[in-house]
Amino acid sequence: YLKMVDQMSKEEALEEVKQLENILGNDKLFNGVVDATFNEFDQDKNGVIDREEMGDLLRTIYEEVKRPQPTEEHIKQIFSETDKDDSGTIEKDELKSLIRHL
């Protein structure tokens, strides 16, 4: 999990950055992270992430990085911005785009 930067030593922070760069710079590794994340949060296993599942994903991320929980309005906004094809669901490619921009 990601620690808060202000709780890390300089060395720990640099190591976290290197790990993130490694994931983002390695398509196979990045796709594996996206696949695992998608599969974990696609709770009904229908091949897409709906707004409720996206809320669970965002709340988990915010908890991991020790940030205040996102509001329902913030979840709706991120969902809307991520749902590029306006299908009302998030497909894996849309989740990839969101994760790259986090």
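How are helices H3 and H4 oriented to each other? The legends below begin with this pair. The model is a predicted one, in which local features need pLDDT of at least 70 and side-chain atom pairs count only at pLDDT 80 or more, while totals for chains, interfaces and linings use all residues. Residues are numbered from 1 along each chain as its sequence is written, and side-chain values use heavy atoms, with hydrogens and water left out.

**View 1. Crossing of helices H3 and H4.** H3 (residues 51-64) and H4 (residues 72-82) have axes that come within 10 Å and cross at roughly 110°. The two helices are therefore roughly perpendicular to each other (angles of 65 to 115 degrees; under 35 is roughly parallel, over 145 roughly antiparallel and the rest oblique). Axes are lines fitted to C-alpha atoms, for helices over the stretch in contact, with angles from 0 to 180 degrees between N-to-C directions. Helices are DSSP runs (H or I, at least four residues), numbered from the N terminus.

**View 2. Residues between H3 and H4.** H3 contributes Arg51, Met54, Gly55, Leu58, Arg59 and Tyr62 to the contact, and H4 contributes Glu72, His74, Ile75, Lys76, Ile78, Phe79 and Thr82 (contact means heavy atoms within 4.5 Å). Of the residues in this contact, six are nonpolar, three polar and four charged. Here Ala, Val, Leu, Ile, Met, Phe, Trp, Tyr, Cys and Pro count as nonpolar, Asp, Glu, Lys and Arg as charged, and the others, Gly among them, as polar.

**View 3. The two sides of helix H5.** Glu94, Leu95, Leu98 and Ile99 of H5 (residues 92-101) are buried (under 20% relative accessible area; exposed is over 50% and partly exposed in between, with a 1.4 Å probe and protein chains only). Seen down the axis of H5, these buried residues fall within an arc of 135°, so they line one face of the helix; the arc is that of the directions from the helix axis to the C-beta atoms. Asp93 and His101 are exposed on the other side. The cover over the buried residues of H5 includes H2 (27-41), H3 and H4.

**View 4. Surroundings of Thr82.** Thr82, in helix H4, counts as buried at 6% relative accessibility. Beyond its neighbours within four places in sequence, Thr82 is in contact with Met54, Ile90, Glu94 and Leu98.
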